[in-house]
Amino acid sequence: MLQFLFRRLIVALLVAATVMTLAFILTRLSGDLAISIAGPNATAADIEAVRKAYGLDRPVLSQFFDWVGRAATGDLGNSYFFQTRVSTLIAERMPVTLTLGLTGLSIALLVSLPMGILAAVRENTGFDRAVQMIALIGQAMPSFWLGLLLMILFGLTLGWLPISGTGSWEHFVMPGIVLAFSAIPALTRLTRAGMIQAMGSDYIRTARAKGLSRASILLKHALRNAAIPVVAIAAVQLGFMLGGSIVIEQVFALHGVGFLAWESIAKNDFPVVQAVVLVLAVIYVALTMVSDLMNAVLDPRLRA
Amino acid sequence: MSTLLDVERLEVGFAGTSAVRGASLTVERGETHCLVGESGCGKSVTSLAIMNLLARGGHRTAQRLTFQGEDLLKLDDRGMARLRGNAMAMIFQEPMTSLNPAYTIGSQMTEVMRRHKKVSQRVATDRAADLLGRVGITAPGLRLGQFPHQLSGGLRQRVMIAMALMCEPQLLIADEPTTALDVTVQAQILRLLAQLQRDLGLGMLLITHDLGIVARIAHRVSVMYAGEVVESAATAQLFADPKHPYTQGLLRCVPVPGKQRQDEPLGSIPGTVPRIGPGFQGCGFRDRCSFADASCAHTVPHQTAAPGHDYLCRLAP
């Protein structure tokens, strides 16, 4: 188990290093940063001044190692636009994104688990086919479009929910639903497939031969085994949601990390862009590790 | 002795095929009744139909199906669940996959008793440890905390047996409990089953294709062929005086040390089991039988050779 953790940690570090390199290269590829920071009306002298002030005149490699070295000690640099530390900026925005991601995942699980279980129990009935159809539609629907549709219905026509901002829990309902919609198809299918496999297994026949209640057979014996892949994917989906909420934070004007990333890209605030990419990548890697650990908790065979 | 399980004219169908066609058998209290036959003859389906554990798509009917006088055909799912694991328990052919990999041995053993007997976890755990010792597992306390993957096949089958005994059942149905095990382990498990049956006065329905097992532990034998019980008799009677041509063929396939000459070939039954759909008439064995005539395609008489020795064939006793 320790060896397993150690190996995972090394892989995680490698991923982080790769992401840092890519983020650095990609931000430099977007054009001369000094020109975009100085603005459209800047003179050549202004641009040179900016170049010097931000250290952009130094060799690219030395800029890179400087950034990596400081990031390793937790210093992500200063934002060019907000005039504050990048770490403070991200720390301020993270709660919104985390709330949104966790809301999305909770809604997704609350919908997919029962739907998947019911579809498996009623395999090949109308209900099962309807569930599969919904999953297909969910997979095909762009999230910004669904977000706009929900805003029109619940925000404007019915007036039940606020359409933008982060003032109360109600602000997170619609974006949470939209985010959940992207995860529901995969989670539902996995639950359904896992339950069908489990229900056909010998140990479920044993559980029935023991006269256990239907609830115990389904939820204790079958679901425990069917949940193993679902948990693994759910953790990874949360990573996608945290990183991929950029569109939804935009649509619903939620000032989270995704919104920050979008703002920073638009303003060429590249220390922030680099840092957001790095932080999200680290969270993603950490979540995959959490998913491995949860699998070991659920499946005793992995604990050996 | 009184009748524990009474099955009369049981029929089981799966979409377009008849797996069991009017099989009848009884298990007396405290008796080991062996159901023998080759693969696909409907032995396992018969046992699953008795427990109402047929896979989806399986449909059972019977003229009579009673357990301790209670009509199983009239019981709903809930009523049947009350009996299963309680008064009638079952063990299966595949010990490697029949236990849930996600739960400890102790948890799986105690849950059946907590469900049926409404006892405390403490009492159930004590009983589980006691039974593990009884089925020959050393260090029961340790085993209770282990997971199935930490146990060998033989140990898992012992756990299955102990788990089946948790609620002191009257009837134990064992569906080829030794088929998947090593030969040495097979003998141990059989000895264990025979001993438990004697000690606890269990009625046991043992399903097997192994006539060696039958000879060693059965009180009574029913031979099944193509979904029918073609002959049923006390063990000694059946081995000494088989009436049905299929039973005779089966017995010729078993080598008997001393009786068999080295150069004499072992018997075999030509042909294979026919695929039988609904509406099949006559004797299922007729295509493979050297005594068959035209009448075998229509009706098959039910005959009695001696008290308690019945068979299904036109041949005279």
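Select strand β3 of chain B, residues 32-36. T32(B), C34(B) and V36(B) point one way from β3(B), H33(B) and L35(B) point the other way, and all are buried. Buried here means 20 or more other C-beta atoms within 10 Å of the residue's own; exposed means 12 or fewer, partly exposed is in between, and C-beta atoms are placed from the backbone. In a regular strand, side chains alternate between the two faces of the sheet. Because five of the five residues of β3(B) are buried, the strand is largely enclosed by the rest of the structure.

A note on the model before moving on. This is a predicted model: local features need pLDDT of at least 70, side-chain atom pairs count only at pLDDT 80 or more, and totals for chains, interfaces and linings use all residues. Residues are numbered from 1 along each chain as its sequence is written, while chains are lettered from A and ligands numbered from 1 in the order in which they are written. Helices (H or I, at least four residues) and strands (E, at least two) are DSSP runs, numbered from the N terminus.

Strands pair if DSSP finds at least two bridges between them. Show strand β9 of chain B, residues 203-208: β3(B) pairs with β9(B) in the parallel sense over five bridges. Pick C34(B); its bridge partner in β9(B) is L206(B). Now show strand β10 of chain B, residues 220-225. β3(B) and β10(B) also pair in the parallel sense, over four bridges.

Next, select I173(B). Its place is in strand β8 of chain B, residues 171-175. I173(B) counts as buried because it has 28 C-beta neighbours inside 10 Å. Leave aside neighbours within four places in sequence, and I173(B) is in contact with S47(B), I50(B), M51(B), M88(B), M90(B) and L205(B). Contact means that the C-beta atoms of two residues, placed from the backbone, lie within 7 Å. Draw a C-alpha to C-alpha distance from I173(B) to S47(B): 7.1 Å in space, for 126 residues apart in sequence.

Move to two helices of chain B: α3, residues 105-117, and α6, residues 153-164. Their axes come within 9 Å and cross at roughly 25 degrees. Axes are lines fitted to C-alpha atoms, for helices over the stretch in contact, with angles from 0 to 180 degrees between N-to-C directions. That angle makes α3(B) roughly parallel to α6(B). Now show side chains: I105(B), Q108(B), M109(B) and V112(B) in α3(B) meet V159(B), A162(B) and M163(B) in α6(B). By class, this contact has six nonpolar, one polar and no charged residues. Ala, Val, Leu, Ile, Met, Phe, Trp, Tyr, Cys and Pro count as nonpolar, Asp, Glu, Lys and Arg as charged, and the others, Gly among them, as polar. Roughly parallel covers angles under 35 degrees; over 145 is roughly antiparallel, 65 to 115 roughly perpendicular, and the rest oblique.

Switch to chain A. Its secondary structure comes to 13 helices and zero strands. The C-alpha atoms fill a box of roughly 85 × 55 × 30 Å along the principal axes. Of the 304 residues of chain A, 38% count as buried. Among its contacts between residues at least 6 apart in sequence, 74% join residues at least 24 apart.

Finish where the chains meet. The contact takes 18 residues from chain A and 23 residues from chain B. On the side of chain A, α9 (202-209) and α10 (214-244) are the elements that give two or more residues. The largest share, six residues, comes from α9(A). By class, this side of chain A has five nonpolar, six polar and seven charged residues.
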